[in-house]
Amino acid sequence: MTRTFFLIHLLLVTQLLFSSISLAHTASTLSPSAQVSTQSWQILQEIVSENGARPAGSSNERQLLHDFTNRYWSQSTGLAVNSQPVTFTVKSNEKHSANVWITYPGKSEGHLVIGAHADSTGEDEGSQGVTDNGIAVALLLALGQQLSTMELNDSVTLVLFGAEEVGLFGSQAFTAALQADSRFLTGAPFPTAMINLDTIAGGDHLYVHSPTKKTYKRCDKDDRYNSSASVRDSLLSVASANALPFSLHPAFPGFPEGETGEWSDHAPFACAGIPVGYIEATNFSINGRDGYDGYSQTLHPLLWDCLDRSEKTACNPDQEQRWGYIWHTQADRLDKLNQLYPKRLRAQLNAVTELLFNFLTSDKSLPPASN
Ligand SMILES: [Zn+2]
């Protein structure tokens, strides 16, 4: 080694050392919320590359429910991960899925359940279920590691539901078990609030919903339907205090402002008497195939056959096929979404993570339940 070469080498090593110190410094200065969001984004890439589409009852759905929770919850927290088998029938075929959850004990009698469905649909069209609902699953997997290091006031259960897309079978089985045995959740008190994460990114705007005041049709007559908007309103007040972009959807026929229907995993919880809030990214200002119902998620022109931007609807409603849908279509793929919206998913993931974090650490996280 010549002397010059040695000096250059020494210089390079010194530079490398300094740059790695500054990188380590950057990593440690990230807030806990930013750390969770960054890790969620990494887990989402793993879900897409290792797991892909996850039809209800498929081996991919089971892999996400069991292998990923083992990797991110059991191995790193040392807490028990619980599961409940879920059997359901589609077109006379019996299929098997599961719910998987972990409970973090808190000091108070409050108990917040945060849930997201693990299955996806639209695999025949090429959907990977990235926004519906892989990104929410990734967030719960990452959040679990962080919660194990925190002192919690309220107990928190994170749950991944199976078989949502084919009829809410997972969340239905979960709430049925809860109602049969109020200590079903590993000895924690009966839940005092539930937050449903379903499609928390992709759509043009972030909303928080409560259930309709009118009892959901799916509830049994003797269910204790809870239409409280308390969880929604607490989430929105935390969002506003932290300048996070969440809002209520405007009223549309059958649905007053901020109130949503029974089409996701919050519904069985509302039927079971638990106050619920539901976070969703879509766009209720679009006049979609069936009106302003939030089913059309985006005004991105590449997700329409022909978009009339000024009217926020299709140029030719009779011929439009695509209607700005991401969910359940070939648009719900990471490669596609990164092209269409280079920064949106990450920004929305950050916003939802920060909202949940601030909600979990705020004094008034669990308002008293009231109908
Ligand atoms: Zn969904």
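We'll go through the disulfides, the metal site and the rings.

Mentor: A word on ground rules: this is a predicted model, where local features need pLDDT of at least 70 and side-chain atom pairs count only at pLDDT 80 or more, while totals for chains, interfaces and linings use all residues. Residues are numbered from 1 along each chain as its sequence is written, and side-chain values use heavy atoms, with hydrogens and water left out.

Trainee: How many disulfides does a search of the whole structure find?

Mentor: A disulfide here is a pair of cysteine sulfur atoms within 2.5 Å. The search turns up two. Cys219 and Cys271 make one of them, with sulfurs 2.1 Å apart. This bond joins distant parts of the chain, 52 residues apart: Cys219 is in the loop between β6 (205–211) and α6 (230–241), and Cys271 is in helix α7 (residues 266–271). Helices (H or I, at least four residues) and strands (E, at least two) are DSSP runs, numbered from the N terminus.

Trainee: And the handedness of the link between Cys219 and Cys271?

Mentor: Left-handed, at -80° about the S-S bond. The other pair is Cys306 and Cys315, with sulfurs 2.0 Å apart. Its S-S torsion is about -70°, so the Cys306 and Cys315 disulfide is left-handed. Counting bonded cysteines along the chain, the pattern is 1-2, 3-4.

Trainee: Is Cys219 buried or exposed?

Mentor: Buried means under 20% relative accessible area, exposed over 50%, and partly exposed in between (1.4 Å probe, protein chains only). Cys219 is buried at 11%, and so is Cys271 at 4%. Cys306, at 32%, is partly exposed, as is Cys315 at 31%.

Trainee: Which residues are the protein donors of the zinc ion?

Mentor: Donors are N, O and S atoms within 2.8 Å of the metal (3.2 Å for Na, K and Ca); water is not among the atoms, so sites may look incomplete. For this zinc ion they come from His117 (NE2), Asp132 (OD) and Asp198, which gives two OD atoms, at 2.0 to 2.8 Å. Along the sequence the spacing reads H-x14-D-x65-D. His117 lies in strand β3 (residues 111–117) and Asp198 in the loop between β5 (193–197) and β6, so the pair ties together parts 81 residues apart in sequence. Both His117 and Asp198 are buried.

Trainee: What about the rings?

Mentor: Rings of Phe, Tyr and Trp (its six-membered ring) pair if their centres lie within 6.5 Å; planes under 30 degrees apart count as stacked, over 60 as edge-to-face and the rest as tilted. The whole structure has 16 aromatic pairs, and ring pairs link Trp101, Phe161, Phe174, Phe184 and Phe269 into a cluster.
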